[in-house]
Amino acid sequence: MKTILKTALTAIRRSAAHYRMRSIEINLAGAVETLPHVKDPLTRERMRLAIKEMSRSLCKARAEYIALLPAGSRITFDIA
């Protein structure tokens with residue numbers, strides 16, 4: 001019974017980590033796609049800083065997701 005609960009909890013944590021990771025990826029892709037259309041230099045610079053912060057958050061979310069994978073599983077990602 002204990003292993004069933006532990007496995008279920010790990011699956012829920014993995015699912016939540018995957019959701020967080022995908023949400024950040026979608027947000028980051030939208031920001032990068034929008035950046036060329038911004039004309040104001042101040043807003044453009046703020047967006048660049050936000051993109052850098054999102055990239056760092058994405059790296060952290062990916063590390064958390066990978067840490068929850070079963071032993072021996074390995075995932076590689078295209079960009080961060």
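**A buried glutamate and the helices around it**

At 16% relative accessibility, E25 counts as buried, because the cut-off for that word is under 20% relative accessible area. In this predicted model, E25 forms a salt bridge with R22, the closest N and O atoms being 2.4 Å apart, and R22, at 38% relative accessibility, counts as partly exposed. Both residues lie in helix α1, 3 residues apart, which is about one turn of the helix. An α-helix has 3.6 residues a turn, so residues three or four places apart point the same way.

What, then, links R20 and E64? Their side chains meet in a salt bridge of 3.1 Å, N to O, and since R20 lies in helix α1 and E64 in helix α2, the pair ties together parts that are 44 residues apart in sequence.

The largest nonpolar core has 13 residues, and those with the most contacts inside it are M21, L28, I51, M54 and Y65. The elements that give two or more residues to this core are α1 (2-34) and α2 (41-67), with the largest share, 6 residues, coming from α2. Leaving aside residues up to four places away in sequence, M21 touches L58, A61, R62, Y65 and F77, while what covers the buried residues of α2 includes α1.

Methods. Residues are numbered from 1 along each chain as its sequence is written. This is a predicted model: local features need pLDDT of at least 70, side-chain atom pairs count only at pLDDT 80 or more; totals for chains, interfaces and linings use all residues. Side-chain values use heavy atoms; hydrogens and water are left out. A nonpolar core is a set of buried Ala, Val, Leu, Ile, Met, Phe, Trp, Tyr and Cys residues joined through side-chain atoms within 4.5 Å. Buried means under 20% relative accessible area, exposed over 50%, partly exposed in between (1.4 Å probe, protein chains only). Helices (H or I, at least four residues) and strands (E, at least two) are DSSP runs, numbered from the N terminus. Contact means heavy atoms within 4.5 Å. A salt bridge is a side-chain nitrogen of Lys or Arg within 4 Å of a carboxyl oxygen of Asp or Glu.
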